[in-house]
Amino acid sequence: MSEPAAASQTVAPAPAAAAAPLLEVEGLTVRLRAGGAMQPVLRDVSVTIRAGEALGLVGESGSGKSMTARAIDRLLPDGAEVDGSIRYEGHDVASLSGTGLRQYRNQVAMIFQDPRAHTNPVRRIGDFMTEALRTNLGVPGAEANRRAVEMLEQVGVGGGARRLRQHPHELSGGMLQRVMIAAALLTEPRLLLADEPTTALDVTTQSEVMAILDDLRREFGLAMLFITHDLELAAAICDRTAVMYAGQIVEVRSSDRLHDDPLHPYTAALAAARPDISRTAARLLAIPGRPLSAFEAPAAECAFAPRCAHAQEACRAALPELAELDGGLSRCRRASELRGRLGTASDG
Amino acid sequence: MSAGIPVAVAEPGRPRVLIGVQSTGLAGIASAAVIAVATLVAVFGPLLARTDPELPNLSLAWIGPGGGHLLGFDVQGRDVLSRLLVGARTSMLGPLVVVIVSVVTGTGFAVVAAWRRGAADAVISSGLDILFAFPGILLAVLATAIFGAGLPAAAISLSIAYMPYVARVLRGAALRERSQPYVAALEVQGASASSICLRHLIPNILPLIVAQATILFGYAMVDLAAISFLGLGVQPPKPDWGVMISENQTGIVQGYPLPALAAGLCIVAVVIAFNVLGERLFERAQAGRG
Amino acid sequence: MAEAGGAPVLEAPVLEAPVLEATGLRKEFGSLVAVDDVSLRVQPARSLAIVGESGSGKTTIARMIVGLERPTSGTISACGHDRSRPARSVRDRRRRGREVQIVFQDPYTSLDPRQSPQAAIDEILRLHHGWPDQRRRERMAELIDLVGLDIRQSRSLPRALSGGQRQRVAIARALAAEPRILILDESVAALDVSIQAQVLNLLADIRDETSVSYVLISHDLAVVRQLTDEVLVLHRGRVVEHGPTSRVLDDPQDSYTRRLRASVPRPGWKPVRGLPAGKEQEASSP
C-alpha cells in the first residue's frame with residue numbers, strides 16, 4: 001500500500017504552561033427562540049485554547065459545533081440568550097463594542113464553509129481582502145495590496161496583482177477558499193476560527209487546502225479552532241480534539257491518542273461507524289438512533305445513554321460532569337472503567 | 001444540514017390555504033373579514049335591498065340620508081344603499097371572472113413553459129412579452145369597439161391583459177419546482193408529464209397562485225370600475241360601483257358628494273382588503289418555500 | 001470483523017448477460033466535453049462504483065443512464081433493452097422505470113414536501129403494478145418495513161422526518177418499482193456519519209434480500225469499498241482506471257487514483273502540500 005511521505009511533523013514548540021490561555025470559554029449556554037419558546041442549543045460548553053495551539057471541534061448535526069464558533073465570533077442571531085463567559089486574552093468578549101469589537105475581529109478571524117455565500121460577487125477580491133487593513137488598521141492602499149499579493153502567494157494563488165482585480169465567480173471553490181484563508185491572515189490574527197472550511201471541496205482540493213492551513217498556522221504561530229464532522233480530518237492538523245454531542249462537550253483528547261484510546265463511548269462509536277478504506281466489512285458498526293440536538297436531549301441524564309452500548313442505570317440518573325482523565329476530559333461516568341475497551345484496537 | 005430547530009408538524013389533511021389565512025396577522029384577518037362581507041353582499045344583495053335599485057324617481061334626486069334610506073338618493077332618485085347592495089354583484093363578479101380566466105390560463109402557460117423548457121419556453125415567453133405591451137384599458141377599448149360595450153367584453157379583454165403577468169410570476173416558481181430532485185425522481189419512475197404537473201408541481205406552487213390571484217382581484221376591480229366609469233363596461237341603468245361613480249360625479253361639485261363617494265369607498269375598501277390579504281399570503285408563500 | 005462478506009475478490013467470469021451496459025458514452029454541453037468515451041458493464045447481482053470529483057462526469061453518466069440527459073453519442077442498455085435515445089411512449093418510460101431507478105443525494109429535496117411517505121410509495125405502486133388495493137397495501141407495508149421505518153413515520157410529512165429517514169423513504173420509493181439496477185447518486189454523502197453507517201447497512205441488507213445491482217456514484221472511497229465489487233475511476237470525463245474495488249484501492253495503478261487515495265483522511269493521516277497535477281480550473285467549477 002503506497003503511503004505519501006508525511007510532511008511537517010509537529011513543529012510548533014509547546015507554549016509555556018504558565019502562559020494564560022488565549023481563549024477561554026466557560027460554562028457557555030446558548031438558547032435560541034424556536035417554535036415560540038427559548039430552546040437550548042449549547043449546554044455548559046467550556047474550552048480553552050492556548051496561543052499557537054490548534055483545537056479540533058468535532059460533531060454531527062445538532063452537536064452545537066458551529067454555534068460555538070459563532071458565539072465566539074459574536075455572530076449569534078438576534079434574541080439569543082447567552083449564559084457563561086467567553087474571554088479573549090482575559091477580556092470578556094460579550095461586552096466588547098465599537099473599537100474594541102473591531103480590534104477583536106482583527107485578532108480573531110473566521111473562515112466559513114461556503115466562501116461564495118460570504119463574498120460579495122460584485123466586489124473585487126483585492127477590495128475585500130484589503131478592507132480590514134485599510135479601514136481598521138489604517139494601512140495605505142498600495143501597501144495593503146502588496147501584502148495581499150504576498151499572502152496569496154503563500155496560499156498558492158499566483159498571478160500577483162491581476163488576482164486582486166478578479167471577481168469571486170472567476171475562481172473555483174478551492175481557489176476561493178484559499179483566498180479567504182489569505183484574507184483572514186492579513187490582519188495578523190492570533191486565533192483562527194475555521195467552520196468546516198473544506199467540507200464543500202473535492203477531497204484532493206481539501207487535502208491541499210488543509211496542508212496550506214496547517215503550514216501557515218504553524219508558520220505564523222496562530223491558534224486555531226477547527227470545526228468539522230470528520231474525526232480524522234481534525235486529528236490530522238489539530239493538537240487536541242474536542243468532541244461534541246447534543247450541545248455539550250463530551251470528550252477532549254490529544255489527537256494522536258483519540259483514535260486508539262478514546263475516553264467516551266460516542267467518540268469510539270463515531271470512529272467505528274466510518275467505513276474503512278483499506279478493507280471491506282460485511283456490516284458497519286452503526287450507532288442506533290440518531291444524533292440529538294441540545295433541546296431534544298433530556299436535561300438530567302447523559303444525552304448519549306439511549307444509544308450507548310455501555311449505558312447503565314447510573315447514566316440516566318443524573319447529568320454527568322466533564323472530568324479529567326489521563327490528560328484529557330470525558331463526560332462519561334464510566335470512562336475510567338471502559339478504558340481500553342473503547343478503542344478500535346479491540347473488537348466493538 | 002438542518003440545525004434541528006423544532007418545526008411545527010403539519011398533518012396531511014389540513015388544507016394549507018386555511019392555515020395561510022389564519023396566520024396572517026390582524027391586518028390579514030381584517031382584510032379577510034371585509035372580503036367575506038363583500039362576498040356575502042354580492043351573493044345576497046338583491047334580497048337585502050329594500051327598494052328597487054333601478055326605478056328612477058326624479059323627485060327624490062339628491063335627497064340625503066333619512067327615514068330608512070341610510071345613504072340617501074342618487075342623481076336619478078334611486079336609493080343609494082340598494083344600488084350599492086345590488087351593484088356588489090357585478091362589481092365582484094367581473095373581477096372574479098378576470099382572475100379565474102387569467103390565473104388558469106397563466107398557470108397553464110407557465111407550467112408548460114417551465115416543464116418543456118428550451119425552445120417551447122422561449123416561444124411562450126416571447127409571446128407573453130408581446131401581450132405585455134397591451135395595457136388592459138386599451139384592450140378593453142378595442143374589445144368594446146369590436147364586440148360592443150358590456151361586462152363580458154371588458155372582462156375578457158382584461159383577462160387577456162393580465163394573463164402574461166400571472167404567467168411571468170408563476171413561471172419562475174414553476175421552473176424552480178421543476179428542477180427539484182423529486183420531480184426528476186418521478187420522471188425516472190416513468191410518470192407522465194401531465195400527472196407530475198397536476199399532482200405535484202402545481203400543488204407545490206399553489207400558495208403562490210392563491211396569493212397572486214388575491215392581489216390580482218384588487219387590480220381587476222379597479223380596472224373594471226374604471227372601464228365601467230368610461231362607459232365601456234357595465235352599462236347604466238345597471239347598478240355597478242364604477243357606473244355609480246360615473247353617474248353621480250356631477251353631485252360632487254353640486255354639494256351632493258355622498259352617492260359617488262359611497263360607491264368609491266366600497267371599491268377602495270374591497271381593493272385594499274384584497275391587496276393586503278394578497279401581500280400577506282404572498283409573504284407566506286415565499287417563506288414557506290424556505 | 002469478517003472480511004469481504006459475500007463479495008468475491010476475483011472477477012467473476014462473464015457467463016450471464018450484463019444487467020447494465022454502456023459503450024463509448026460521450027456527452028457534450030456546448031464546447032465542454034463532460035463525458036468522453038466511457039464504457040461500463042454491470043453483471044447481475046454485482047455492484048459498480050463510479051468514482052470521481054467535481055467535473056469528473058460521474059453525475060452526468062448517472063443522469064444519462066436514467067434518461068434525464070441524452071448522450072451525445074454512445075449506447076446504453078439495461079436488462080437487454082436499449083435506452084440510448086429518449087423513450088418513445090409513456091409505456092416505454094414506465095418500463096424503463098422498472099429496470100433502473102435512482103436515489104439522489106439531497107434528502108431534503110428528494111421528496112414532494114406535500115406527500116407523506118405512504119402516499120409517495122403508493123403512487124409508484126399504482127404506476128407500475130395493476131394490483132388490487134389489498135395487495136398494494138401489503139406491499140407498501142413490506143417496503144416501509146424493509147427500509148426500517150415505522151407506521152407513524154410513514155404517515156408524517158417529510159418535514160417531520162430527519163435526513164436519514166427521508167433517504168430511507170427515497171430508497172423505498174425507488175424499490176417500489178422493483179428495479180434490477182439502483183443508482184445511488186451520492187445518496188449517503190449528505191448524511192451524518194452515524195446515520196450513513198445505518199443506511200449503508202440497510203443497502204447491504206436490501207441487496208441480500210432482493211439481488212438488486214447498485215451503481216454507486218461517489219467521491220468517498222471508503223463508502224465505495226464498503227458497498228461495491230468493481231470501481232470505475234473518472235477524471236475530467238475519462239476513465240483513468242477500473243477493476244475490482246479492493247484491488248484498485250489497495251494497489252492503484254493510475255497517478256490520479258493514487259492521489260485520490262492519498263487524500264482521504266484516515267487515522268494517522270496528514271495532509272501533504274504540492275502533490276502533482278493540482279491544476280485547478282480557473283473558472284468556477286459546479
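## Ground rules

Two residues are in contact if their C-beta atoms, placed from the backbone, lie within 7 Å. This is a predicted model, in which local features need pLDDT of at least 70 and side-chain atom pairs count only at pLDDT 80 or more, while totals for chains, interfaces and linings use all residues. Residues are numbered from 1 along each chain as its sequence is written, and chains are lettered from A and ligands numbered from 1 in the order in which they are written.

## Chain C against chain A

Here 49 residues of chain C are in contact with 50 residues of chain A. On the chain C side, the elements giving two or more residues are α7 (193–210), α8 (221–227), α9 (245–250) and α10 (255–262); helices are DSSP runs (H or I, at least four residues), numbered from the N terminus. α7(C) gives the most, with eight residues.

By class, this side of chain C has 22 nonpolar, 15 polar and 12 charged residues. Ala, Val, Leu, Ile, Met, Phe, Trp, Tyr, Cys and Pro count as nonpolar, Asp, Glu, Lys and Arg as charged, and the others, Gly among them, as polar.

## Chain B against chain C

This contact takes 19 residues from chain B and 28 residues from chain C. On the chain B side, α7 (181–189) and α8 (193–229) each give two or more residues, and the largest share, seven residues, comes from α7(B). The residues of this side divide into 12 nonpolar, six polar and one charged.
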